[in-house]
Amino acid sequence: MTTTGTTARLLDLGEAWTLSGSVELRPEPFGALAYDFHTRRLSFLKSRRLVDVVRALGSRDDVAGALDDCGVAAPERPAYLAALGALADGGLIQRRADHSQEDRTP
Amino acid sequence: MTLIQERPARPEGGRLVDQFEYGLDAPICLTWELTYACNLACVHCLSSSGRRDPDELSTEECKALIDEFERMQVFYVNIGGGEPTVRPDFWELLDYAVEHHVGVKFSTNGFRITPERAARLAATDYVDVQVSLDGATADVNDPIRGAGTYDAALRAMANLQAAGMKDFKLSVVCTRHNIGQLDEFKAIADRYGAQLRLTRLRPSGRGADVWDELHPLPEQQRELYDWLVANGDQVLTGDSFFHLSAYGEALPGLNLCGAGRVVCLVDPVGDVYACPFAIHDRFKAGNVRDGSGFRGVWQEAPLFQELRSPQTGGACTQCSAFDACRGGCMAAKFFTGLPLDGPDPECVKGNAATALAGARTVPGTSQDHSHKGPVRNQPVPLTLMPTRTKPASACDESPLAPSPGWTT
Ligand code: SF4
Ligand code: SF4
């Protein structure tokens, strides 16, 4: 099990991302569990807003759009980009080549 | 344990472990014992398995339960028993769970993992297998698990490896006799491309009868802790050993008792218990056959509400190691007759010694499915004397819950 939080990587605001096809989110009072059916790894998203951002990624042109959507103001952005970077490193979210919603059938 | 009248409110943010103390909307670690039937008779069986319960959930009821797990987003279940593969519909239920996005990790003694079955298991990411082995050599394993069980487990692992299954689990219950074999277990796991999983022997089920003779000695606990610190990132423990964190550096993992908070057990007849190691009426929260089903039990059972609060009183809260150790395992305390808010029977600071030496009432089991007669492969313990063929005396009864008594 891993928790998000520390990472070397920051996601680029201009890139397009989405939840990986093998990953499902389960809302919980503290945020959400994310489970990857391929790697059988469980991760924890420790804030509701981060969950909203992750869900918004797939339907926005870029990361900045998702953060705007969820009202993440400039001073908070580095923390969110780091958290998203950790999710990216863990394979929970993936790059989208185009800006359209990906087919998410696993 | 006292009933908390007013539950403190869940904090915002903070550490996960603090969040988990307040429980989750669905369990993370759900164990489902599919059957109490077993082809073996291991001396330390946590669920006193052997004979099938005639009231077992039917195939249709099992499928309905899987549907409910899917709705609740229980991502995976740990299927055990008994020996789950003994159930004639086992493979059908496995397929059904996979089709319904419920991953399965199932525990097996390996006897039925043929090359054909292994190939089937290797074909999907949704299934993981855990082969049980309690000695790195047959002379340590077989007295506990039964004649021929060492060879059967290794054969199963060879079949899984040949089928291309990766990272399946080799699961070991740590005892007095195998603590010295940890490196050998690791070598066996590596040889088969498996992941080593070490768990704690708890005095649950038939384990209560042999716990005194089998649980690791204090110096072995230290040896185990040091080994875990050195190899921690390469072995799984299911957070079994957080009571050892009191030695110093916390072990990786959550370090809390998850019973009824993130952990629960569904038994073959649908009874829901707080933890697989707490099969006793005291920790029974309800049954999936009740009106509101598994969801109702998990989310509303008074027992679970009671367990979902941080511990505030008791001797352990005064201990310098409390934040890491949390007083240890609730089930271990209960089945050794110790107070639930006091130290674990294997407290590394020795704080349970006096209580263990003094007068205490051991609750005993509230159910037993052990074979009544001899079993093929029956373990021939060298020094252990399982007492499960004798009826319990009245003083073995729990003061907390009426015990229906043993069936023999
Ligand atoms: S009762 Fe023991 S085995 Fe069960 S969740 Fe708590 S610490 Fe773990
Ligand atoms: S006294 Fe309690 S908290 Fe302290 S080490 Fe022992 S079991 Fe753990």
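Predicted model: local features only at pLDDT ≥ 70, side-chain atom pairs only at ≥ 80, totals over all residues.
In helix H5 of chain B, the residues B:Val140, B:Asn141, B:Asp142, B:Pro143, B:Ile144 and B:Arg145 are buried.

**Helix H5 of chain B**

The helix spans residues 138-145 and is mostly covered, with six of its eight residues buried. As for what surrounds them, the buried residues of H5(B) pack against E4, against helix H6 (149-162) and against helix H8 (207-214), which belong to chain B. After H5(B) comes B:Gly146, a residue with a positive phi near 120°.

**The interface of chain B and chain A**

Contact between the two chains involves 26 residues of chain B and 18 residues of chain A. The area buried between chain B and chain A amounts to about 1900 Å², and carbon and sulfur atoms give 61% of that area. Within the part that chain B buries against chain A, B:Leu16, B:Phe75 and B:Asp125 supply 33%, which is more than any other three residues.

Across the interface, 11 residue pairs are found in polar contact, with both residues at pLDDT 80 or more.

On the side of chain B that touches chain A, the elements giving two or more residues are helix H1 (16-20) and strand E4 (127-132) of chain B. The largest share, three residues, comes from H1(B). By residue class, this side of chain B divides into 14 nonpolar, six polar and six charged residues.

**A loop residue of chain A**

A:Glu15 is placed in the loop between strand E1 (2-3) and strand E2 (17-19) of chain A. Its side chain makes a polar contact with the side chain of A:Trp17 at 2.8 Å. When neighbours within four places in sequence are left aside, A:Glu15 is in contact with A:Asp61, A:Asp62, A:Val63 and A:Arg95.

The two side-chain pairs named above are set out here with their distances.

| Side-chain pair | Kind and distance |
|---|---|
| A:Glu15 and A:Trp17 | polar contact, 2.8 Å |

Terms used:
Residues numbered from 1 in each chain as written. Chains lettered and ligands numbered in written order. Heavy atoms only, no water. Contact = heavy atoms within 4.5 Å. Buried area = accessible area lost by both parts, 1.4 Å probe. Polar contact = N/O pair within 3.5 Å; in protein donor to acceptor, adjacent residues only side chain to side chain. Helix = DSSP H or I, 4+ residues; strand = E, 2+ residues; numbered from the N terminus. Nonpolar A, V, L, I, M, F, W, Y, C, P; charged D, E, K, R; others polar. Buried < 20%, exposed > 50% of the residue type's maximum accessible area, 1.4 Å probe, protein only.
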